[in-house]
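Hi,

Here is the structure I said I would pass on.

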Amino acid sequence: MAMFGLFGSRTSASDAAIEAAALRSDRFRQQREGDWQRLEAIVTRMEKGRLRKISDADLQQLPVLYRTVASSLSVARETSLDAATLAYLESLVQRAWFLVYGPRTTLLGWLGRFLGGEWSRAVRAIWPELLVALALMVAGTAVGWLLCVHNPDWYYALVGDMAQERAPGASREMLRGTLFGQADKQGLSIFAAALFSHNAGIAILCFALGFAFGVPPLMLLVQNTASLGAMLWLFASQGLLYDFVGWLSIHGTTELFAILLAGAAGLHIGRSMAFPGERGVMEAAAAAGQRAAVVMAGVVLMLVIAGMLEEAGPPADREHRGALCRRLFDPGVLAGLFLRLPPRAAGQRGAMSRAERLAARAARRNRRRTLVTPEGSALPIELASRGTRLGALAIDLTIIVLVMAFSTLAIGFGAAGLNEVSGGKIDKATGGLRTAFEFLVIVWIALMFLLRHGYFLYFELGPRGATPGKRMTGIRIAARNGGRLSPEMVLARNLLRDIELFLPLMLFVGARAGGSGLTGWLALLWFLLFALFPFFNRDRLRAGDLIAGTWVLEAARHKLAEAMSLGESAARGTSAATGATYRFGEAELAIYGEYELQTLERVLRENRPEAIAAVHEAICRKIGWDPGAGDERAFLDAYYTQLRARLEAGMRMGRRKADKHD
């Protein structure tokens with residue numbers, strides 16, 4: 001209690017003036033707390049997911065009440081020194097802001113808008129990068145062909161495990177059989193599903209690694225199309241170039257087009273970061289990342305549909321139906337993407353004053369930031385700690401693993417049932433049973449892929465903007481610019497999770513199982529690079545947050561009951577216990593400032609007897625009073641109320657006293 005060791009002497013002022021000033025701040029609260037409590041009730045029900053219990057009238061009043069309380073906060077900051085009321089209002093406005101400016105659409109609602117034109121607009125907006133990506137793919141194909149012409153051993157290096165029977169030295173009949181003679185070969189569907197996973201991984205890598213100034217997408221485009229060039233060389237060497245191109249037009253156009261779009265999306269992010277123009281690098285990266293995320297949503301959808309088309313129809317006519325579906329699907333996608341004009345977005349980077357730069361530098365040392373809402377309210381916020389975010393991710397991953405395990409068991413029981421129906425010989429089952437079995441496998445692969453991404457998208461696009469793990473740990477995502485959290489932001493931050501977490505861990509596990517030590521260590525290094533990314537930026541952003549323009553905040557809560565709203569007896573300085581009256585003059589009240597007032601308020605709220613006694617003794621010693629023991633609480637209530645009234649009156653006149661040294 002050393003901070004109260006300098007309290008000092010004298011008396012007398014107009015009782016009526018003191019009472020009027022003392023109660024003005026409390027009347028402000030009492031007149032408005034009905035709106036505050038109604039807003040808190042609506043926000044609490046929405047945070048708990050009880051939307052059905054909220055009436056239409058309350059939903060319509062939510063933005064009105066939010067702006068009313070934000071206005072109350074602005075007034076309270078200029079007129080009131082009740083720290084608990086201010087903390088409560090700041091917390092309530094922040095919670096309401098999360099809901100008012102959270103996503104206003106469900107995943108299905110956004111999907112309808114996405115297919116209705118957003119995808120085409122996003123693709124049109126990145127047309128320069130599309131041309132560059134197309135040129136890179138053509139160049140990569142030519143490089144693969146020429147390398148194999150020079151040295152056939154390059155074929156194995158470029159094609160890798162996909163070679164199988166398609167290898168240099170294979171006869172014309174064998175190569176032709178790999179194209180048209182294996183429609184009923186067992187496992188073709190599983191291979192198609194694995195190919196879908198591979199292509200989806202390459203596409204997401206092209207997008208996600210774009211933040212490295214576009215260099216990794218450039219290399220990936222060239223490397224993957226070089227394998228295509230090698231296969232073109234192989235089939236051309238046996239006079240089957242026309243046949244291979246025809247087969248590719250059925251089975252590969254969707255995948256190639258998807259990789260083209262993904263590569264362009266990654267290059268768009270890299271170009272925006274390398275050449276941000278008038279905007280800051282992070283602002284440019286966020287805008288480009290959100291646009292590229294819309295493109296990538298279409299890419300994933302194309303790859304899923306392509307994988308399903310491989311399973312269209314029974315084995316006998318699957319080739320023909322797949323060809324027909326592809327010929328209808330691919331031109332439809334191409335036409336739809338280029339029907340609409342791209343949006344023109346412009347941004348400006350405002351110049352920071354020296355005071356703002358100093359404040360920003362000081363903010364780096366802690367997790368507290370100030371967020372300005374679209375209404376102009378400055379909200380103090382607190383970034384989620386790294387440990388809290390890790391705990392939330394662990395909970396979410398546990399849920400995902402459990403869902404995957406139950407799904408795998410369900411599909412396994414389904415496959416076992418099919419095997420029993422076939423007499424224990426699924427390999428010799430009828431075509432219909434085999435098709436059903438293979439369809440279960442491809443559904444499982446697609447389901448695992450969609451679960452990995454759809455889990456985070458579904459929950460973070462909800463009104464609470466948080467997954468179950470985030471809700472349990474009291475954190476949620478928000479837009480860094482203070483505006484609405486858009487679906488594009490949620491998409492961008494979650495698509496990058498593949499390269500941050502899932503892909504390096506899968507590579508590490510696979511390398512350890514296969515005995516490849518170097519690959520395992522490289523995968524671990526890759527994982528650590530992204531895991532440590534939040535330690536090297538002031539806002540604790542992961543790579544996904546950087547691209548999406550988001551951050552993760554703690555949702556602090558304060559109760560209105562904690563506010564110091566004292567009654568008239570405290571304002572008059574009258575003790576309810578002894579009847580004594582405590583009135584303090586200008587000299588006694590002029591000693592302390594706002595800092596000491598807030599400290600005294602905290603002591604009164606906590607109401608610990610030893611602290612009350614220590615502060616009472618310090619104040620009495622400083623102001624020269626000796627009221628005796630037994631009435632310490634009434635004395636401090638009176639001193640707090642009258643000191644607050646004096647300081648608030650000074651605030652309204654433009655005079656403020658920060659502390660006892662001011």
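Start with Leu221: leaving aside residues up to four places away in sequence, its contacts are Ala133, Leu136, Met137, Cys206, Ile259, Gly263 and Leu267. Bear in mind that this is a predicted model.

Leu221 also turns up in the largest nonpolar core, which has 67 residues. Along with Phe207, Phe211, Leu261, Ile269, Met296 and Val299, Leu221 is among the residues there that touch the most other members. The biggest contributor to this core is helix H12 (residues 281–309), which supplies 13 residues.

Next, the helix pair. The axes of H5 and H11 (residues 253–274) come within 8 Å and cross at roughly 120°, which makes H5 oblique to H11. The crossing is right-handed. On the H5 side, the contact uses Glu129, Leu130, Val132, Ala133, Leu134, Leu136 and Met137; H11 brings Leu256, Leu260, Leu261, Gly263, Ala264, Leu267, His268 and Arg271. By type, the residues of this contact come out as eleven nonpolar, two polar and two charged.

One more residue from that list: Val132, in helix H5 (residues 127–150). So is Val132 buried, exposed or partly exposed? Its relative accessibility is 44%, so Val132 counts as partly exposed. Val132 and Leu218 sit 86 residues apart in sequence, with their C-alpha atoms 9.2 Å apart in space.

Cheers

How values were computed. Residues numbered from 1 in each chain as written. Predicted model: local features only at pLDDT ≥ 70, side-chain atom pairs only at ≥ 80, totals over all residues. Heavy atoms only, no water. Helix = DSSP H or I, 4+ residues; strand = E, 2+ residues; numbered from the N terminus. Buried < 20%, exposed > 50% of the residue type's maximum accessible area, 1.4 Å probe, protein only. Core = buried A, V, L, I, M, F, W, Y, C linked by side-chain atoms within 4.5 Å. Contact = heavy atoms within 4.5 Å. Axes fitted to C-alpha atoms, helices over the stretch in contact; angles between N-to-C directions. Parallel < 35°, antiparallel > 145°, perpendicular 65-115°, else oblique. Left-handed = near helix turned anticlockwise from the far one by under 90°. Nonpolar A, V, L, I, M, F, W, Y, C, P; charged D, E, K, R; others polar.
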